[in-house]
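Here are my notes on this model. Please read them with the structure open.

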Amino acid sequence: MGISGMWTGQVLTFIFFAQSCVSAPDECLQETIRLRAQLRTLQGQVARQHILLQQLRDQGIQTSTVDKDPIVHGGPVEYIDCAQAYNDGKRQSGSYVLKPLRSSSSFNAYCDMSDGGGWTVFQRRSDGSVSFDRAWAEYKTGFGNLASHTGEFWLGNDYLHYLTSQGDYALRVNMEDFDGNQRYAVYRNFKVASETNGYQLQFGEYSGTAGDSLAGTYHPEVQWWASHQGMKFSTYDRDHDRYERNCAREDKGGWWFNRCHSVHLNGYYYQGPYSAATDNGVVWYTWHGWWYSLKSVEMKIRPMDFESDQS
């Protein structure tokens, strides 16, 4: 059964249940709340699927019914993101072939099927084996080792734009320090603009345990220079920050710098506490401050209306 069939069935179930609860409203309250929540989730999924189908039609791709995924002609299966791979029954984390709707070509991406599954990983730091002090062109197309579950890489800003332009995505950042402690941060409505717009960053509400460093809300007097909201991407050879010098050159990696940062996950890989001319480590300020470089970081995205099926 496709999404549309599930939606119709759920609506009928809700109507039948609501009618049967007239004589015992107190006993049915919790079940009514649960069914309404399921209806809202399915409504969001149906709306997203209609958007995807319209984008496919705009690109001249033929689709036969709203309940079917885009047709793949020959070769390995291509998914629009890792969430679609998960919903196709893929439960093994690893490299998958993706082709977002607006992308002219397919590419390999690492899919993380933990944390509920369906996550498209676009950045990982784990051991300092890959330099992130790279030019604009390399951040545009990506670099590093996507094949290993511990490999360091940047997926590519073009691909990140294609992925997040398909709908509403959530960002999850998993972090670990050198004492084995772990924190995470989740942001709703994560989007990266096109290269024409400097891969500008937009994100919504925060939740998690690491603190809201990305929006700089930890102190109102520093938010104007510490927030990464609305910032364009910068590299040592393409400077878009608000600093009189070049943040990417000083801090040894490409990022959405302001003046300069309270998050810099593409910095130089130190081992915990460090001293340097600038705060150029792998930094998440609200957890360990500017002068502690994290051991491991993983940045990944997933549609906000995704529902995990752990069966």
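1. The chain exposes about 14800 Å², an area from the Shrake-Rupley method with a 1.4 Å probe. Carbon and sulfur atoms supply 49% of that surface. Buried residues make up 50% of the 311 residues; buried means under 20% relative accessible area, counting protein chains only.

2. On provenance: this is a predicted model, where local features need pLDDT of at least 70, side-chain atom pairs count only at pLDDT 80 or more, and totals for chains, interfaces and linings use all residues. Residues are numbered from 1 along each chain as its sequence is written, and side-chain values use heavy atoms, with hydrogens and water left out.

3. The fold has 8 helices and 15 strands. These are DSSP runs, helices being H or I of at least four residues and strands E of at least two, numbered from the N terminus. Take contacts (heavy atoms within 4.5 Å) between residues at least 6 apart in sequence: 55% join residues at least 24 apart.

4. Look at Asn-280, in the loop between β12 (272–273) and β13 (283–284). Is Asn-280 buried or exposed? Asn-280 counts as buried because its relative accessible area is 6%. Its side chain makes a 2.9 Å polar contact with that of Tyr-270. Such a contact pairs N or O atoms within 3.5 Å, one able to donate a hydrogen and the other to accept it within protein; residues adjacent in sequence count only if both atoms are side-chain atoms. Leaving out residues up to four places away in sequence, Asn-280 also touches others, including Glu-250, Lys-252 and His-264.

How values were computed
Buried means under 20% relative accessible area, exposed over 50%, partly exposed in between (1.4 Å probe, protein chains only).
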